[in-house]
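Let's take a walk through a protein model, one piece at a time. Have a look at it first, and then we'll pick out some parts together.

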Amino acid sequence: MEAPLSGSMTTAPERWLTALLLTCLLAGCGTKQVVVQSEFPDPVMNPLPLTLGIWYDDDFANHEFFDEASGRAESSWLVNTGQAQVELWQTLLKGMFRDVVFMNGKPGPGQMNPVVDAVLLPAVDELQYAIPSHTNVKVYEIWMRYRFQLVTTGGEPIAEWTMPAYGKTPTAFMQSDEGAVRLAAIVALRDAGAHFATTFTRVPQVEAWLNSLPRAGATPVQP
Amino acid sequence: MTPRRLLLGALLVSWLTGCVNATVDQMVFNSPTEGMGDASVVILGRRHASDYETEPGFISCVGKHIGARDPAIRVIDELEFLNALYPWFEPRTAPLRPADLEKLFAHRDVVEKFATLQTRYMIWIDGSTVRGDSAGSMTCGIGPGGAGCFGFGTWSDDASYEATIWDFTQRAEVGRISATASGQSYMPAVVLPIPIIAPVQGTACDSVGDQLLDFLSTAN
């Protein structure tokens, strides 16, 4: 009777080969994790003559997106953009406004915070992604929808609006799905910064507020 | 023996590339009349289309091609330029027509940045390389005795690019170049797969680069 194939019967190269094959087979089933990290350029623009406060809540500063695989052949995705979000908005806002101050706590009645003209509270409402295996188009895409609140230090609303951002990157030789999604996310973040920088003063509620300020009303601010 | 082997290898590699057909069209509206001096050139990819994107690698290839053939022409790296003028040349905000430059130059900081970079020509490249029809089949196997493949595969690649040249001093479009290239690649496999790749994108890069070089060298 022939002995069953067991650990003791296999040679070392065969074991390695089996392990390699198993790894290859299982590679498609795990979660693909992307941590988006990047440096962003300072915006080239005349700063608005305002002191802006910023408050990032935990959901924003640690923002991550998880998409569970719908089938065995697909992978789950975990895209962490929190660190890059904070990096982008800090760099952008410091270039857009004369002074930027980070708040001690979320603006509201009784909360002690530095004196500023207004406080910006950014949030990521939604994030979607698409990869070539989903769309049959040879680009990786990231789409985000931001929600911004501009409030007084006491927490009273001045303006609230949403803003989309989109980024894509083409497929490239020897580029992994994770690397391409990371690049697409960086393009989307740059797009968010560009969109915000060029439209902030044109948001109707923001425009009305800027015109109501004594110093801004005299000389309308342009991005 | 080693040099002979190297020569044989080089000959084999050159023989193992697929055939590529390339066509180039050039239209120059305003031929350069004066030298570029210390001015620089920037080559940027158009990235507005939803279903394709001009490959950053292609833009880099054209820039390197020009820089290698004529070191007197200073080509600014695409990312360096985009970062230096952020957020005005992102896909959402980039000027689509030379007339849009006037609006951009209304910003004092942008004008100062351009003066620092000394950019005279801006070259926009729009297009992509796509994989066309493919045929054939190949099977690969692995066993305790070894591994190998058997079969034959073939596919075609098509590249189509258009370069538009803007002159900052005239605030006008001064030239347009289009290049198309197509080629068939093959991969026969008897134990080992042997890729015979047609350098379609590389040929398109050389074609666009040569035409741009012709234009810019006249200005130089």
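In this predicted model, let's begin with helix 6 of chain A, which covers residues 204-212. Which of its residues are buried? They are Val206(A), Trp209(A) and Leu210(A). Looking down the axis of helix 6 of chain A, you'd find these buried residues within an arc of 100 degrees, so they line one face of the helix. Here's a handy bit of background: an α-helix has 3.6 residues a turn, so residues three or four places apart point the same way. And what about the face turned away from the buried side of helix 6 of chain A? That one carries the exposed residues Pro204(A) and Ser212(A).

Now for a sheet. Chain A has an open sheet of 3 strands in the order 1-4-3, with mixed pairing. At its edges sit strand 1 (31-35) and strand 3 (64-67) of chain A, and each of them pairs on one side only. From one strand to the next, the twist averages 10 degrees.

Let's zoom in on one pair. Strand 3 of chain A runs antiparallel to strand 4 (residues 76-80) of chain A, and 4 bridges join the two. Glu64(A), for instance, has Asn80(A) in strand 4 of chain A as its bridge partner. Helix 5 (residues 177-199) of chain A lies across strand 1 and strand 4 of chain A, at about 40 degrees to strand 1.

Finally, hop over to chain B. How many helices and strands does chain B have? There are 6 helices and 6 strands, and from the N terminus they go α-β-β-α-β-α-α-α-β-β-β-α. Of the 220 residues of chain B, 41% are buried.

Key
Residues are numbered from 1 along each chain as its sequence is written. Chains are lettered from A and ligands numbered from 1 in the order in which they are written. This is a predicted model: local features need pLDDT of at least 70, side-chain atom pairs count only at pLDDT 80 or more; totals for chains, interfaces and linings use all residues. Side-chain values use heavy atoms; hydrogens and water are left out. Buried means under 20% relative accessible area, exposed over 50%, partly exposed in between (1.4 Å probe, protein chains only). The arc is that of the directions from the helix axis to the C-beta atoms. Two strands pair if DSSP finds at least two bridges between them. Axes are lines fitted to C-alpha atoms, for helices over the stretch in contact, and angles run from 0 to 180 degrees between N-to-C directions. Contact means heavy atoms within 4.5 Å.
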